[in-house]
Amino acid sequence: MKNIEALIPSGDNTPLPDRLRGITDMLGAEASAPVRTAGIIEKALSGETINREDALTIAGLGNDELPYILLAASEIRDRGKGRVLTFSRNVFVPLTQLCRNHCGYCTFKYEPGEGALFLKPGEVIDMASKGARLGCTELLFVTGDKPELKYGEYRDALGAIGYETTAEYLIDMGAAALDEGIFPHTNLGLATHDELLGFKKSNPSMGLMLENISMRLLKKGEAHYRCPDKVPKQRMKTMETAGELGIPWTTGILVGIGETWEERVDSLFAIKDLDDAYGHIQELIIQNFCPKQGIIMEKYPPPDFVDMLKIVAITRLVFGKDMNVQIPPNLNPGTYQLFLYSGVNDLGGVSPITIDYVNPEAPWPRLESMRELSGAAGFTLRERLPVYPEFIDGKYIDAPLLERVRAAVDELGYVPLEETDPDGSN
Ligand code: SF4
């Protein structure tokens, strides 16, 4: 078996299709898996999910053994998802960039005076209508957490347009976006039962990253110090309420923010418990920390590439063939297609008109290049709505909204091909 170091991007000029072929050859090498991975692979391939101990064994594997696990994760993805790689075309709307938290990795938040307190209704509607005109199907609302509890000027300005909370404002803006012909997908942060019910009328899906289940990361010196909205129990509570309400939910973990392997694995199993109970987790994002100048954690190293392959493969093996597992392509610009070999089946939202405000330094890849790279790896790229095909169902989406969602997809639940890239441009 060749060494998996061949997978690690070397910064050389080898064309990506050749690199991909090299990996395919390596994964197809004729050899039998070492004993300690063989049991895990057998279990996974027989349809059982792996347990915590198995996951931690994978975390500790050396480069000679890991390819067998990657092969198993790819095989399981193929069983559930085939060779289809999905993405959504979105408009990114940072409704407010004020926030009461102080995450060590944040580049999104600013203070009053450093930018607008929030986007005005007319601005949001303009973005929604422009996005819809350009063929976007998702309006991704992202906000800081509960700025109304910290900033008087924000509270007053919001009050002046008739709202007491960011959630109330977002609920109305979600409905306004839908009226413009684009589906809102809101990442509000913590939310109550009544707020979620309000969002459900216009949002076919919503999201909240768990990030990590560990309370340790809230201690002084850690990534979530002074972050009241990052208490894992409360994030789990919001997601549990969403489960009770049957809202298709996107969540995931952040990798490389100072967590241990145990904490990564425990975070995945916490999400799995929720999904086992409610079945509403539509997608898991495995998001890598990217150091940037000026953030509290600017000197932290990014997560190791092989560790990212491992955690993606572990996610696939823990959740099985039906889960949608996503890697953000703009945070892995030279390598995202390599994650196809660890079980990924989705590349998330890509915007033709707005930047990623959470990672402003990371441009979206062009659709054409995503299509070429996935084709070279034997995958077909398909555009989806913010809600995945398997959740387009009366069990999850109420009647009036469901009708609009169904009208926007083909018989497989994807955006019809003729609307995906009518002029062959991004
Ligand atoms: S990452 Fe999000 S929650 Fe954390 S400080 Fe930034 S805006 Fe607030």
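Visitor: Is E211 buried or exposed?
Guide: E211 is buried, with 24 other C-beta atoms within 10 Å, where buried means 20 or more such atoms within that distance, exposed 12 or fewer, and partly exposed in between, the C-beta atoms being placed from the backbone. Keep in mind that this is a predicted model, in which local features need pLDDT of at least 70, side-chain atom pairs count only at pLDDT 80 or more, and totals for chains, interfaces and linings use all residues. Residues are numbered from 1 along each chain as its sequence is written.

Visitor: Where is E211 found, and what is its phi?
Guide: E211 is in the loop between β4 (205-207) and α9 (232-245), with helices (H or I, at least four residues) and strands (E, at least two) being DSSP runs numbered from the N terminus. Its phi is positive, about 75 degrees, although E211 is not a glycine. Most residues other than glycine have a negative phi.

Visitor: And what about R226, buried or exposed?
Guide: R226 counts as exposed, with 12 C-beta neighbours inside 10 Å. R226 is also found in the loop between β4 and α9, and its phi is positive too, near 60 degrees.

Visitor: Switching topic, what surrounds the ligand?
Guide: The residues around the ligand include C99, H102, C103, D145 and D229, each with its C-beta atom, placed from the backbone, within 6 Å of the ligand.

Visitor: Which residues does V312 touch?
Guide: Leaving aside neighbours within four places in sequence, V312 is in contact (C-beta atoms, placed from the backbone, within 7 Å) with I286, V325, I327, F339, S342, G343 and V344.

Technical notes. Contact = placed C-beta atoms within 7 Å.
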